[in-house]
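I opened my notebook to look through a protein model piece by piece. Here it is, before I write anything down.

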Amino acid sequence: MRETRSSDDVRKVIKIAKLHESELTETTQVLRFPPANKQNENLRLIQLDDYLLKEIEAGNELVFKGDPDENVVLCTNSKTYDVKEAETSNSLLLVPDLLFAALTGLDETVQNNSMEDSDSSFDKSNNSLNKSTDSDDGTLLPRKIEHKDIVNTFFTYYELKPCKPRLSKLRKLLEQSKYQGSELEYSVDKAKLFTYEAILDQVQASRAELDDELEKIQAIKIDDHYRILEFDYEFRVLSYMLDLIEENSWPLDKISKDETLNSLKELVPLQILEAMFRFYTVESLIDDNVQYYKYKEDKVCRFLGRVLLTSAGKFNLVEFMQAWKDSVPEGMTTSETLLSGIALTDKSTNPQVVWGFAESDLPDEINERFKLLFQTKAKWTVDEISPYVECYATEKLNVNALLTKYARASTQDGVRVFSAKHTK
């Protein structure tokens, strides 16, 4: 049977504490620790910001995500939070239905309607303080005793801080089942095909962040599974699409979607054609109530530049720029600036050279990435290195701050450059 306390027991404690009943309301709450076999060890304390609190109050879903080898994150429908355990300076007791301040002196009716205004509660608390003294005949009134059970004692809690979604796993999942054409589907391991819900469950990102990344990496839903196109197959399909410009003598800003799909549907599955058309075109003009499109010139040129750069080794820069210009549809313009993030150039050699160096091929871990960058090239300008490190930038840590942290700055020929922080 659980131990209880009487009014006399409470008054002894009040006396030992050198308090006066005139300073107290007539209600005393006695806290009781549960037996060891009844402690609830499944509870955790989490510190919430205003956004997360509103999400919970609205009944929206919050999901913890992380494999055993990953640091756990908390995801809402649109944001991702890093979860870290922190210690408290004092132990925290969780006590359900604990009464605070004026409520300890209110009658039962007011206790059940505890949303009274603060002035009313304060006045009633003062009345309660007055009632806590002797009665008219000089005898002490019995105190009101309420026993409250402590559910658990906490020495740690979890801090939640907004962070970038951890999306590197997404590409690794989808690269296991790249789409290479219907003729090669027999070789695909069906166990490595993922539905949207399966991806959402494994990738540490919110639904909105995942949707954005699926669009960014050009993932296509094929028979309920998300796939990315193998590079050579994507080149084949894009070439089919671009060839129609010359075959039909289309102006670059008057591409017909219907004719593109109808002309190629026997060569390429329709769902892939529609997705590729969405990836590479934007609306341009309307003529006779028909919507026409134009290709995203920079995107098309960058992709065809990557095609030329896939061969191993370095290329003569002048010859490469000419070959690149010849490979794009007439009227589109190539530029060395479009190579940012997919290639590097060295203009100190004779002849000047260029070679493929894609950001997507670099390590995900930031220290490993910087190590490889400085092994590839000893000194970088901000413009040169930015495409390879801006994925780590946050609102509080921009590219310049990243370089200050992970690299060493110096000046070369009047230009600020960055090199490895620790060099011999």
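My entries below go from the whole chain down to single residues.

**Ground rules**

I'm working with a predicted model, where local features need pLDDT of at least 70, side-chain atom pairs count only at pLDDT 80 or more, and totals for chains, interfaces and linings use all residues. Residues are numbered from 1 along each chain as its sequence is written, and side-chain values use heavy atoms, with hydrogens and water left out.

**Whole chain**

I looked up the helices and strands first, and the chain has 15 helices and 16 strands. These are DSSP runs numbered from the N terminus: helices are H or I with at least four residues, strands are E with at least two.

Next I checked burial: of the 424 residues, 36% count as buried. Buried means under 20% relative accessible area, exposed means over 50%, and partly exposed is in between (1.4 Å probe, protein chains only).

The chain exposes about 26100 Å², and carbon and sulfur atoms supply 48% of that. Such areas come from the Shrake-Rupley method with a 1.4 Å probe, and for residues only the protein chains shown count as cover.

Then contacts, meaning heavy atoms within 4.5 Å. Among those between residues at least 6 apart in sequence, 65% join residues at least 24 apart.

**Cores**

Which residues touch the most other members of the largest nonpolar core? I found Ile-272, Met-276, Tyr-280, Tyr-295 and Leu-339, out of 42 residues in that core. α8 gives the largest share, 8 residues. Other elements that supply at least two residues each include α10 (270–280) and β11 (290–295).

A nonpolar core is a set of buried Ala, Val, Leu, Ile, Met, Phe, Trp, Tyr and Cys residues joined through side-chain atoms within 4.5 Å. My course note to go with it: in soluble globular proteins, nonpolar side chains tend to be buried together.

I zoomed in on Leu-339, which touches Arg-302, Leu-309, Phe-320, Trp-324 and Val-354, leaving out residues up to four places away in sequence. There's also a second, separate core of 21 residues, and Leu-344, Trp-355, Leu-362 and Phe-418 are among them.

**Salt bridges**

How many salt bridges does the structure hold? I got 16. A salt bridge is a side-chain nitrogen of Lys or Arg within 4 Å of a carboxyl oxygen of Asp or Glu.

One of them pairs Arg-32 with Asp-149 at 3.1 Å, N to O. Arg-32 lies in strand β1 (residues 27–32) and Asp-149 in strand β6 (residues 144–149), so the pair ties together parts 117 residues apart in sequence. Arg-32 is buried at 17% relative accessibility, whereas Asp-149 is partly exposed at 35%.

Another joins Lys-84 and Asp-82, with the closest N and O atoms 3.4 Å apart. Here Lys-84 is partly exposed at 45% and Asp-82 is buried at 13%.

Lys-254 sits in the loop between α8 (231–247) and α9 (257–264) and Asp-287 is in strand β10 (residues 281–287), so the pair links parts 33 residues apart in sequence. Lys-254 is partly exposed at 25%, and Asp-287 is partly exposed at 29%. Apart from neighbours within four places in sequence, Lys-254 is in contact with Leu-285, Asp-287, Tyr-292 and Tyr-293.

I also noted a network: salt bridges with shared partners join Asp-67, Glu-70 and Lys-169.

I found a nonpolar surface patch of about 470 Å², made by Ile-46, Leu-48, Leu-53, Ile-56, Phe-64 and Val-72. Patches are made of residues with over 30% relative accessible area and no salt bridge; like charges are joined within 9 Å, nonpolar side chains (Val, Leu, Ile, Met, Phe, Trp, Tyr) within 5 Å. Leu-48 is in the loop between β2 (46–47) and α2, and is partly exposed at 34%.

At the start of α2 (residues 50–57), a side-chain oxygen of Asp-49 comes within 3.2 Å of the backbone nitrogen of Tyr-51. Just after α2, Gly-59 has a positive phi of about 80°.

Last entry: is Pro-162 buried or exposed? Pro-162 is exposed, at 61% relative accessible area. Pro-162 is in strand β7 (residues 152–163) and touches Thr-80 and Tyr-81, not counting residues up to four places away. The C-alpha atoms of Pro-162 and Thr-80 are 6.0 Å apart, although the two are 82 residues apart along the chain.

Technical notes: A polar contact is a pair of N or O atoms within 3.5 Å; within protein, one must be able to donate a hydrogen and the other to accept it, and residues adjacent in sequence count only if both atoms are side-chain atoms.
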